[in-house]
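Please consult the sequence and coordinates alongside the text.

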Amino acid sequence: MRVHCAVYARGLRRYSTYRAAAVAGILTNSVFGVINAMVLLALFAARPEINGYDAADAVTQVYVAQALIAPLAIMGPALELSERIRTGAVGTDLLRPVSLLGWWLAQDLGRATFDLLFRSVPTFAVGALLFTLALPGDALRWALTLLSFALATVVGFALRYLYSVVGFWLMDTRGVWAVMGPVGPVAAGMLLPLTLFPAPAAEVLRLLPWASMVQIPAEVLLGKDTLPGGSVYGGLLLQAGWAAVLLALAARLTTLAMRRVVVQGG
Amino acid sequence: MADLLPANAPEAPRPPRPPRPGPRDGFLREVRRALRAYVLLAWTWCRAVAQYPMALSLLTFGVALSSLAEMGAVAVVFGHAGTLAGFSVYEGLLVYALAATAFGTADFLMGSVERLGEHIRSGSFDTMLVRPVPPLVQLATDQFSPRRLGKAVPALIVLVFVLVVCDVDWTAGRVLMLPVLVVSGVVICCSVWLLGGCLQFFVLDARQAANSLTYGGQALTEYPVAIYGRSLVRAVTFVVPLAFVSWQPALYLLDRPDPTGLPGVLRFLGPLVAVVLALAAALVWRLGLRHYRSTGS
C-alpha cells in the first residue's frame, strides 16, 4: 500500500509540472462548453422540457462533461502502458514487486487528482459564471457528487487499462482507440445528454459502463429520479458495480497476458 | 531557398541551367514546384500507411464513426426542436454538411500543421528548413493520411443527399456558385488551420488553445450560427469569418433572408473573404518563420 501511495503522489507531481498545458486545456474545455451549451439553450428555447430535462439541467451536464474530459481522458490519450507494451518496456514494469494493474491505477489516479483539481474545478467554475447551472443546495449531495466523480474516474481508468492490455495480443492498440475514441463520448452522454436520445437507445446506453462516466455523475449532481433505482444511491451503486467488474476483468486479462508474454532482450 | 541547401550536397552532373525567369514567371513556377512536392510527399505517406491496411481501415472507420456521431447529434437536436432559427432538420443538416465538408477537406489537406509545436520541440522543424522543399509543404504533408477522408467523404455524401431533399431553387447561378462556395469554405478552413498552427511559433504549448479555434470553429459552424445570438453572428462574420463556411452559403442556397438582419450581399462575399484570409494566413506564417529561433543548442 505504501508503494501505491508513493506512486500516486509521483503521478500527481508529475502532471503538476505541465501548467501551461492545463491552462490551455481549461480554455479549450470552456470554449467547447460554451458552444455545446448555446446549442442546447437554443433547443430548450424551442421546447422548454424534454424527457425531464430543462435548459439549466442540460447546460449543467454540458459542463460536467467538459470538466470531466481531462480526469477521465475519455478521448485519449491512452495509458502509457500501451506504448510500453509495444516497445517491450513493460518488461521493467513486470519486474516490480507490485501488480501491473495496481501500479498503473495508482499512477493514473494521481494524474486524475491533479486534473480534477486544476482542470475540472476551473472549467466548471467558468460554466457557473457564464450560465445558470442547476446546482444542489445541500452539502450531502455535493459530497455524493464528488464520490460519483471519483467512481467515474476509476471506471475511466479501467476502460483505458482494458484498451491498453489487449495490446499483449494485438501489439498496437491505436486501432482500438480509433474505434473506442468516438464511441466513448457518445455512449457516455458527453456529445449530447443521453436523455435526448430515442428512449430505447437511451435505456440500453444508461446501463453500459460509459454512462457511468458522465451521464450518471451528471444526474447525481442534478438529483434526477431517472437514475437506476430512482435515487442517487442507485446511480452510485451502478457506478461502483461497473468499477468492480471492469477492474476484475482487467486483473483477469492481465493474468492471462502474463502466461503468454515474452519479453525479448538481454 | 537555394542558399539553405547543405553545402556538402553531392555534386551530381547537372543539365545546364535555363535562363533566369522573370519575377512573375518565377512565382508561377514556384507554386507549381510546391504543388508537385506536396503531391509527391503526400503520396509517399499514403504508401507508407498503406503498409498497415488493417490499422488504416480501423482508423478510417473511427474517423467516419465520429463524424457520423456528430451528424446524429445534429439530427437529434433538430428532431426535438422541429425548427431552429427557421431551419428544418434537412436544412440543419445542409448547414452541418457544408461545415463538415469544408473542415474535413481542410483537415485532410492541412491538418498536420497543428503538430508544428512538436516539430519545434523535437528539432525536426530545423530539418525541414534545410530541405529544398518549402517548409509549409513538408509540414502539411507530414504524416499525411487518407484516413482523414473518413470525415470529408461522409460529409460530402450527406451534402449531396440534403441538396436533393431540400427545396433548393436550382437557378444557373446557384449551380455555378455551389462549387465556388464549397471551395471558398475549404480555403477559409485551411487558413484557420494554418493560423492556429502558427500560434505555436509564438506560444509553444498553444496546440490545445489552437484546437479551440479549429475544432471549436467546426463545432460552431455545424449549426446555423443564428442560434448563438446576434453578437456571436457578428463576431464570426467580421472577426473570424467562419460564417462564410456554412451559414452564408446555406442562406444563399435556400434563398433565405438573414434572420439576424445583416445585409444580403454578404452571401456573395465568400470567395473574397477566402482570398483575404488566405493572404493573412500566409503573412502570419512568414512572420512566424522569421520569428522562429531554433530550440537546438
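## Overall fold of chain A

The structure is a predicted model. Chain A contains 12 helices and zero strands, so that its elements, read from the N terminus, run α-α-α-α-α-α-α-α-α-α-α-α. Along the principal axes, the C-alpha atoms of chain A occupy a box of roughly 65 × 40 × 35 Å.

The radius of gyration of chain A is 19 Å, in agreement with the value near 18 Å that a compact globule of 266 residues would have. Of these 266 residues, 50% are classed as buried. When contacts in chain A between residues at least 6 apart in sequence are considered, 78% link residues at least 24 apart.

## Helix α7 of chain A

Helix α7 of chain A covers residues 139–165, a stretch of 27 residues. Because 19 of its 27 residues are buried, α7(A) is largely enclosed by the rest of the structure.

## Contact between chains A and B

The contact draws on 28 residues from chain B and 29 residues from chain A. On the side of chain B that touches chain A, the elements giving two or more residues are α2 (53–81) and α9 (207–221) of chain B. The largest share of this side, 14 residues, is supplied by α2(B). By residue class, the side of chain B that touches chain A comprises 19 nonpolar, eight polar and one charged.

## Annotated segments of chain B

An unreviewed UniProt entry lists residues 152–170, 176–204, 225–245 and 265–285 of chain B under "transmembrane region". In the model, residues 176–204 of chain B are 93% helix and 0% strand, with end C-alpha atoms 43 Å apart. For residues 225–245 of chain B, the corresponding values are 43% helix and 0% strand, and the end C-alpha atoms are 11 Å apart.

B:G196 belongs to helix α8 of chain B, residues 172–202. This glycine has 25 other C-beta atoms within 10 Å; because the threshold for a buried residue is 20 or more, B:G196 counts as buried.

Neighbours within four places in sequence aside, B:G196 contacts B:E114, B:A210, B:L213 and B:T214.

Note on methods
Residues numbered from 1 in each chain as written. Chains lettered and ligands numbered in written order. Predicted model: local features only at pLDDT ≥ 70, side-chain atom pairs only at ≥ 80, totals over all residues. Contact = placed C-beta atoms within 7 Å. Helix = DSSP H or I, 4+ residues; strand = E, 2+ residues; numbered from the N terminus. Nonpolar A, V, L, I, M, F, W, Y, C, P; charged D, E, K, R; others polar. Rg over C-alpha atoms; globule rule 2.2 N^0.38 Å. Buried ≥ 20, exposed ≤ 12 C-beta atoms within 10 Å, placed from the backbone. UniProt positions renumbered as here; feature names shortened; annotations may be inferred. Expected span 1.5 Å × (residues − 1).
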